[in-house]
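This report looks at how two protein chains meet, and then at parts of each chain. Please keep the sequence and the model in view while reading.

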Amino acid sequence: MKSLMTCLAFAVLLAAGCSRDSSTSPDAVSMNSGDSSGSAKGDFGPPQGEPVKAMLTSPPNVPPPTGRSAPAKVIVELEVIEKEMAISEGVTYTFWTFGGTVPGSFIRVRQGDTVEFHLMNAPDNKMPHNIDLHGVTGPGGGAASSFTAPGHQSRFTFKALNAGLFVYHCATAPVGMHVANGMYGLMLVEPPEGLPVVDREYYVMQGDFYTTGKYREKGHQPFDMQKAIDERPTYVLFNGSEGSLTGDKALAAKTGETVRLYVGNGGPNLVTSFHVIGEIFDKVWFEGGARFQENVQTTLIPAGGAAMMQFKLEVPGSYILVDHSIFRAFNKGALAILKAEGPENKAIYSGKEVDEMYLGDRAQPNLAAVATAAAAASSGKLTVAQQIKAGQALFAGTCSTCHQADGRGLEGVFPPLAKSDWIAREPEIPATAMLHGLQGKITVNGKDYTSVMPPMSQLTDDEVANIATYVLNSWGNPGGRVTKDEAAEIRKRPPAK
Amino acid sequence: MNQLSLAGLGRLAALLFLGMPLAGALAGESGEYVAVPGGVFQSALRYEDVKDGVRIASFALMRAPVTNEQLLAFVKANPAWRRDRVPSVFAESRFLSHWKGPVELGPQALPQQPVTWVSWFAAGAYCEAQGARLPTWSEWEFAAAADETRTDARRDPAWRERILDWYSRPSTSALPRVGLQAPNAYGVQDLHGLVWEWTGDFSSLLVSGDNRNQGDADDTRFCGAGAISMKDNDDYAVMMRVAMLSSLEGADATANLGFRCAKDLP
């Protein structure tokens with residue numbers, strides 16, 4: 001274990017803004033293996049040393065690691081401020097906040113710390129407020145002990161017995177409205193050995209918002225109680241406003257760095273399918289708990305829950321954070337951007353190498369033959385040669401998948417069309433099979449076939465005539481021609497039993 | 001008390017108006033009172049001992065909240081309630097702190113603005129000096145259920161929305177004068193949209209400020225008359241008033257809490 005001095009120096013270093021440290025912390029063993037015994041082993045005795053004032057940060061920033069190796073008394077002072085802020089461009093909303101931001105200030109303590117919590121309710125506020133910290137062991141999570149009228153403050157103390165990432169929120173009646181107005185945030189209780197050191201840490205929290213006006217309707221928008229009860233949010237947002245984490249405010253990182261996100265979901269109603277487009281989470285401490293899952297694409301975060309996720313950035317560019325319940329991302333605002341700067345890494349991701357038209361197996365030059373044949377047919381000057389050319393192009397589509405481009409089929413599975421004794425015997429069979437399908441045992445060139453050929457009746461009479469003509473004139477078949485009218489005639493026949 | 005007939009009510013109201021100096025409507029010391037005919041009221045709160053609604057006797061309610069000017073006159077007449085003389089058990093240190101001096105209003109407290117930064121004890125004393133009292137919670141809610149045309153507009157979503165909008169905004173700008181909003185169906189003004197108001201029995205509001213405890217009442221917080229909780233979970237404005245009042249002690253004062261007085265009707 002490190003000496004206290006080293007830890008303090010480490011903390012100072014981080015506090016000074018250097019977010020990287022060459023020393024590696026021991027990989028957090030209890031975070032991924034064994035049983036931490038939870039609160040039963042979370043009490044490391046009375047606080048030691050002088051009380052520490054907790055450094056609180058506004059989103060998307062996260063306070064530096066506590067760097068402590070012994071339980072401390074930590075003083076947290078959080079002020080509730082009711083204020084009007086932008087929820088989207090040209091749209092304002094009255095938010096109720098912990099610390100003046102949505103989500104509220106990030107609190108970081110260490111397991112075993114004794115936290116003296118001061119909740120201040122600003123004098124201009126109209127509402128009483130309180131706080132329920134999910135990281136508190138005790139009835140109400142502090143709610144009853146922190147119920148505070150405007151212009152008052154209250155204090156309560158708790159010991160952080162469980163390590164993890166915990167949501168806090170206001171629990172004053174009407175609770176849903178207090179939460180819907182932005183009253184939530186995160187508290188990280190570090191395990192005693194700390195979390196693995198990373199290059200960057202960010203704080204993101206999702207919330208759903210209910211305004212009387214429509215999405216992006218300009219002006220001041222009051223809270224819509226009915227929409228909230230019906231769980232029909234107008235906005236679903238990261239960090240309280242549309243654009244809070246995009247453009248100039250995008251989260252920043254460099255390639256080669258490892259980023260850890262602390263992501264909470266304040267709700268009040270929705271559960272989030274949290275995903276970062278273009279990245280795979282190397283680790284997810286799902287539900288904010290002590291264990292991690294690896295190689296995760298999307299992680300579910302319940303309302304009133306949180307998760308930590310970590311990933312290394314290999315390729316530069318913009319990575320988009322979304323709620324993959326995807327209409328929320330594109331029509332309600334649940335979008336944020338993490339911008340990674342650094343040199344391209346073509347070995348891992350090439351970027352766009354080819355950009356050309358794709359027409360499936362109907363490639364461009366051949367389609368011209370079909371077009372020529374169609375034009376000739378409409379003018380009554382269609383030649384067999386034109387039909388064959390058009391038929392060849394069309395055959396290259398669906399037909400060749402089974403019968404093969406050279407018409408040989410697959411012995412015992414797909415009957416051959418090349419040098420087919422059946423076609424020689426019955427020249428109408430290609431057109432009939434196309435329009436009505438084939439079922440039951442057949443024998444071609446001495447081999448039995450039992451596969452089913454589905455009817456291809458989506459083909460036009462023109463197409464059927466051209467494909468059949470192509471087959472009749474290819475691969476040693478006897479030749480001949482099927483006209484559009486004949487194809488139409490065959491289509492009208494009842495299918496063979 | 002039985003419900004009064006409409007004709008009787010009209011007479012009562014007329015008598016009441018005759019009995020009050022009209023000048024008192026705006027500038028008077030005692031304020032103008034309006035008769036509120038009683039009735040049976042379906043409260044948004046759940047009272048265990050009340051089956052068919054709360055019975056409200058007819059009463060008179062001040063048409064508008066008490067103003068700075070009115071309270072100043074009271075303090076001058078009753079110097080024991082000066083902010084520099086009142087015992088701290090009756091009023092906290094910020095009592096009337098927005099006044100320029102103990103008996104001087106100044107620019108932060110205009111005469112016609114509703115008085116704020118006033119404790120429950122001081123509010124009660126003021127009313128008593130007028131031969132009145134603070135309204136009960138039920139009386140206040142009964143009168144406040146009315147909009148401009150209906151005596152009970154509580155089920156109207158638009159009306160709820162209007163009230164909520166005010167409650168949900170901080171009071172960072174100066175308060176308007178009293179009496180600017182349209183009177184409600186009883187002729188009472190400013191019950192919503194101006195200031196919170198004390199009620200006489202605010203401290204017996206036993207609904208938990210943390211409304212997640214509904215139905216699982218912490219017995220130690222309840223006494224006598226039985227547990228009450230929210231009956232109408234949709235009425236957020238009422239929930240907020242309960243939360244606000246239950247967060248306070250009698251000596252407390254806040255920037256947006258005032259009061260008005262009520263009287264029994266003979």
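## Terms and source

A polar contact is a pair of N or O atoms within 3.5 Å; within protein, one must be able to donate a hydrogen and the other to accept it, and residues adjacent in sequence count only if both atoms are side-chain atoms.

This is a predicted model, in which local features need pLDDT of at least 70 and side-chain atom pairs count only at pLDDT 80 or more, while totals for chains, interfaces and linings use all residues. Residues are numbered from 1 along each chain as its sequence is written, chains are lettered from A in the order in which they are written, and side-chain values use heavy atoms, with hydrogens and water left out.

## Where the chains meet

Between chain B and chain A there are five residue pairs in polar contact, both residues at pLDDT 80 or more. On the side of chain B that touches chain A, α5 (157-167) and α6 (236-246) of chain B each supply at least two residues. Helices (H or I, at least four residues) and strands (E, at least two) are DSSP runs, numbered from the N terminus.

In contact (heavy atoms within 4.5 Å) are 32 residues of chain B and 35 residues of chain A.

## Inside the chains

Chain B has six helices and nine strands. Of its 266 residues, 54% are buried, meaning under 20% relative accessible area (1.4 Å probe, protein chains only). Among the contacts in chain B with a separation of 6 or more, 74% join residues 24 or more positions apart.

In chain A, the buried residues of α6(A) are A:Q387, A:A390, A:G391, A:A393, A:L394 and A:F395.

Technical notes: Buried means under 20% relative accessible area, exposed over 50%, partly exposed in between (1.4 Å probe, protein chains only).
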